[in-house]
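Visitor: I would like to go through the contacts in this model, part by part. Could you take my questions in turn?

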Amino acid sequence: MSTRRTFLKQAGCISIGFSLLGPFSCISEGKGSVMPYSNKEIDPEQIDAWLELLADGRLKVITGKMELGQGISIAVMQVAAEELQVEIDRVSIHLAETGVTPDEGITAGSRSIETSAMNVRRAAACAREVLISMAAEKTGLPVSEMRLENGKIKAGNDEFDWTEIIEGEQISKQVYEPEEIYAKTRRKLVGTPVPRPDLEKMIRGEEFYVQDLRFPGMLHARVVRPPSYKSGLKALEEQNLANTSGFVKLVRKGSFLAVIAEKEYQAIKFQEEINKRCEWESKPIPSTPEELKSYLKSLPANSAIDEERGDWSSASGGKVVKASYSKPYIMHAANGPSCAIAIYENEVLQIWCHSQGVYPLRDTIANMLDLPKEQVYIKGVPGSGCYGHNAADDVAAEAALLAKEIPGRHIRLQWMREEEHAWEPYGSAMIMEHEASLDEKGQIQTWSYELWSDGHSTRPTSGDPANLLPGRYLEKGFGVPGPGWRGGAIRNAPPIYKTGAFKLTSNIFEGPLRISALRGLGAYANVFGIECFMDELAEKAGKDPFEFRLAHLEDERAIDCLKKLKDMTSGVQAETGQGFGIGFAQYKNSASYCAVAALVETSEEETKWAVVKKMWGVIDSGECINPDGLKNQTEGGMIQSASWTLLEQVKWDANGITSLDWETYPMLRFEEIPVVEVEVIDRPEMPPLGAGEAAQGPSAAAVVNAISAATGNRLRDLPVNR
Amino acid sequence: MSSISFYLNGRQVSPDVEPSTPLLYVLRNELELNGPKFGCGLQQCGACMVLLDGTATPSCMLPVAAAEGKGVVSLEGLAREDGSLHPVQQAFIDEQAVQCGYCLNGMVIHAVSLLDENPDASDSEIRKAMDKNICRCGTHSRILKAIQKARRS
Ligand code: FES
Ligand code: FES
C-alpha cells in the first residue's frame, strides 16, 4: 500500500485507487449475439481509459478513434508499444465504442495522431513509470535497475509479470506529464515502417468489416428512396406484398419508407418492387450543373470579411492579376456502400456501424428515437474507406429506426450503389476569385481573395436529428441541417505566402445539394485556386514557379519541403505534349507541409486528353510515427485528388441526381493512374502533425499547373475533363 | 428454392437458394464468406470477384444457377493447405498495398487470374486488366507494385 502512496506523492496529484476490473471485462469479442454493453463514463484523464495491461504480458490499447483505412491503429499501437517496451505483435487495439473507449469526438480533420495517439503515448509512459516505481518499491532495488520488457519487469536477477506488480488490477491513476517519453529519447519502434497488422485478416478474408458481421436470425433491410431530396411520399400500392416469400415488414414513417426481409436479395427485390409502386411529390432540384457557377453566386449568402491585414496603399501602379476558379460538388463515393446492424431488445438499442463519431451519433440517434442516451450503445467497426462524413451515420440511424420495429432481431441494412451515390452528403461546390498586384521586383504587394461556398460539415455533432438523413422524412419532421460549418469553407483560404496586404471575404450559401465534410474540406479548392494563381503570378513576374514561391516563404519547414521536391524532380524533362507543375500548402496552415509535383501528358483525344504520368510528393508531418503509413496515405491522397481534379463532378437534373454509378460518376482507374513517389521529412524532435488530408490541395494544383504548362492554356474550372 | 451444387474452394456445396439469386449473396450470406464484397452490384467495380473455373469473374450479377457444377475459388481459398499465403497475397502484404482494403478481394483475385493466364504480363497488360477494379483510396500504385512483384516470384 505504501507503494501506491509513493506514486501519488511523486506525481503530485490527488487521485485515485485501482479499479477492480479492467475496462474490457464486460466486452464481447468477435461473434456473439448481443454485445454486453457498458454505459460507464470513461474518464480520459485516467491511464486505464487508454490501456489495459493483460495478464500474459500483452497490451491492449484503447482509442476513441476509428480505423478508416488511414492506418491510425498501427500508429497508436506503435506509440504505446514504444513506451511500454512491448513487441508490436503483442499489442492489440480497441476502436471507438460508447461506454468503453474515451469520447474523442469525431475521427476527422487529420487530428487522430495529434490527439488520440498522443493521449495513448502519455498514458503509456505514465503506466511505465508507475510500474517501474511499484516494482522498485516491491524489491527495494533502485529504479535505475528496473527494466520493462514484454510485460515483464526485470529487477536485478528477478523477473515479475507486470500483472504481479499491479496485483491483477489496472493502473487507474490520473495521467500526468511523464518524466521521459521513450519515443523522444530512445525511439526504437516509433519512426519505423511497422507493417499493418490488420492486413493479414483482410487478405485472408476473415471477418473485419461491419459488412461482414452476421448474427443468428439476422434480417435484411433496404430503404426506398424518393426521387429527390424534398419529395414527400404521396401514395403507395401495398397489395400482395405481404404474401410474397421472405417478406417481413414494410416500415412507413412519414416519408421514410423501408422494407425488411428474411434474406438480403429478397430485400433488394422488394426495394425495387416497392419503388415502382410509390408515388412521390415532384420537387425538382434547382439549377443545373452547367449553370452552377452563376446560380451559386446568385444565392443569398452569409458574407463576412474573415481576414484583412497589411498596407493597401502600396497597391497602386503594380501589375494586377485576376483569376476566377471553381470546383463542383464531388463525392466521397466509398467503394463499399454504407452499412449498419442494429438490434433493439429489452429497451436497449445496440448498433454496429462505421461512424467516425460513435458518441455524437449515439446522442443524436437517442434524440431521433426519443430514447435516453444510456439506452443506446454504438460499437465502431471498420467499413469501406470514407474520406470524411459520408452516409455512415445515416445508415446507422436508419438501421436503428428499423430495429425498433422488430424488437429482438438484428437488422442489417446496407445501401445500394445508387443510394450511396445519390444520397451521401457531398463535398461542397466552391468559387474562388483572386486579385493580386506585383511590385516592380515581382513580389506580391496586395492579394484579395473572395470565395463562395456551402458550409463544409453537417455532422451530427450537436445532437440534432436533422443531421441524419432519415430525420427529415419522419412524421416528426426534424427538418434539414442549417448551412453547415463556415470554418470548413475558409480552411487554407489565407495563403501561406507573405504579401504586403491580404484580404479574405467569404460568402456562404445553401446550395442545391446535400453536403458535408469531404477530405480536406475547403482546403482542397482553396489550395487548388491559390496554387494555380501563384503560377499565374509567377508567369506575370517572369519567374520560375519554384523560385517565385520560395521568394514568398519565410517558414523554414515550408522552404525545406519545396526544396526537397525540387531536388526530387530536378532530372525531369517535360517532352512535347507534356507539362510539369507543382503545388504546395501547409494543411490548415498549422498541420503537415506537403509539396507535390506532376508530369502530365496531353493529346488530341476527346476523352482522357490529359493523363498524369507521374507524381512526386514531399511531406513533413513533424515527428513521423510510421513512415510507410504516412507515405501510403499521402500516395492515396495524391491519386484520389488527381481523380477528383481530372474527372469528378456530381450531376443532376430536375428529377434528381444522375451520377448514380461508376459509369455516370467516373473515377480514375488503373490505365490512367500515375506512378507516385513520396518522400518523408522526419522531424523526431517536433510534435507530430495531422497528415491524412495534406495532399489533396497541392495535388490538384500540381496536376492543373502541369496541364496548363503542357497546353499553354490556363484551366480554372474543375474537373479538367468536363 | 432449389439446390444448386458447385465446388467452393475445393469442396462441394449445395446451398438451398433461389436459382436467380446472384452468386455474391449466396457466398456471403448462405456460405458465410467475407472475401467477396458488395461494391456496386453492377459489374462495374470488381469488389465481388471470385475465380470461376479459374477466371476472375464479378459475382454480383451472376445467377448462382450459372455456377452449377463449376469451381468457385474465393479469397479464403487462395492460401495453401499449410496456411501459407498465395504469392499474390504475400506480395500485397510485402508491399502493404492496402488502405481501407475494401477493394482488396477483387484486386487479389483478379491478379491471381491474370498471372495464371499470363505469367509474364507486361506492366501495361496488368494496368489494362486491372482497369476493371476500382480502388477509392488511391492505393493503385502499391497494388501495381505488388502484382509486379508476384509476377516475378
Ligand atoms: S460488386 Fe460486383 S462488380 Fe461491383
Ligand atoms: S484500399 Fe480502400 S478501396 Fe482500395
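Visitor: How many residue pairs are in polar contact between domain 1 of chain B and domain 2 of chain B?
Guide: This is a predicted model, and a pair counts here when both residues are at pLDDT 80 or more. Between domain 1 and domain 2 of chain B, the count of residue pairs in polar contact is 5.

Visitor: Which strand gives the most to the side of domain 1 of chain B that touches domain 2 of chain B?
Guide: Two strands of chain B, β5 (49-52) and β6 (55-58), each supply at least two residues of that side of domain 1. With 3 residues, the strand that gives the most is β5(B).

Visitor: How many residues of the side of domain 1 of chain B that touches domain 2 of chain B are charged?
Guide: That side of domain 1 has 11 nonpolar and 6 polar residues. Between domain 1 and domain 2 of chain B the count of salt bridges is 0. The number of charged residues on the domain 1 side is 1.

Visitor: What area is buried between domain 1 of chain B and domain 2 of chain B?
Guide: The domains span 2-77 and 87-152, and their C-alpha centres lie 21 Å apart. In contact are 18 residues of domain 1 and 12 residues of domain 2. Carbon and sulfur atoms give 60% of the buried area, which is about 1,200 Å².

Visitor: What area is buried between chain A and chain B?
Guide: Here 61 residues of chain A are in contact with 56 residues of chain B. Carbon and sulfur atoms give 52% of the buried area, which is about 5,000 Å².

Visitor: Which residue of chain A meets E30(B) in a salt bridge?
Guide: Across the interface of chain A and chain B there are 6 salt bridges by the rule. In one of them, the N to O distance from the side chain of E30(B) is 2.5 Å. The partner is K263(A).

Visitor: Which element supplies the largest share of the side of chain A that touches chain B?
Guide: Between the chains, 35 residue pairs are in polar contact, both residues at pLDDT 80 or more. On the chain A side, α6 (198-203), α7 (264-277), α16 (627-647) and β26 (675-681) each supply at least two residues. The largest share is 10 residues, and it comes from α16(A).

Visitor: How many residues of the side of chain A that touches chain B are nonpolar?
Guide: By class, that side has 16 polar and 20 charged residues. The nonpolar residues number 25.

Technical notes: Residues are numbered from 1 along each chain as its sequence is written. Chains are lettered from A and ligands numbered from 1 in the order in which they are written. This is a predicted model: local features need pLDDT of at least 70, side-chain atom pairs count only at pLDDT 80 or more; totals for chains, interfaces and linings use all residues. Side-chain values use heavy atoms; hydrogens and water are left out. Contact means heavy atoms within 4.5 Å. Buried area is the accessible area (1.4 Å probe) that two parts lose on being put together, summed over both. A salt bridge is a side-chain nitrogen of Lys or Arg within 4 Å of a carboxyl oxygen of Asp or Glu. A polar contact is a pair of N or O atoms within 3.5 Å; within protein, one must be able to donate a hydrogen and the other to accept it, and residues adjacent in sequence count only if both atoms are side-chain atoms. Helices (H or I, at least four residues) and strands (E, at least two) are DSSP runs, numbered from the N terminus. Ala, Val, Leu, Ile, Met, Phe, Trp, Tyr, Cys and Pro count as nonpolar, Asp, Glu, Lys and Arg as charged, and the others, Gly among them, as polar. Domain bounds come from an automatic or database domain assignment.
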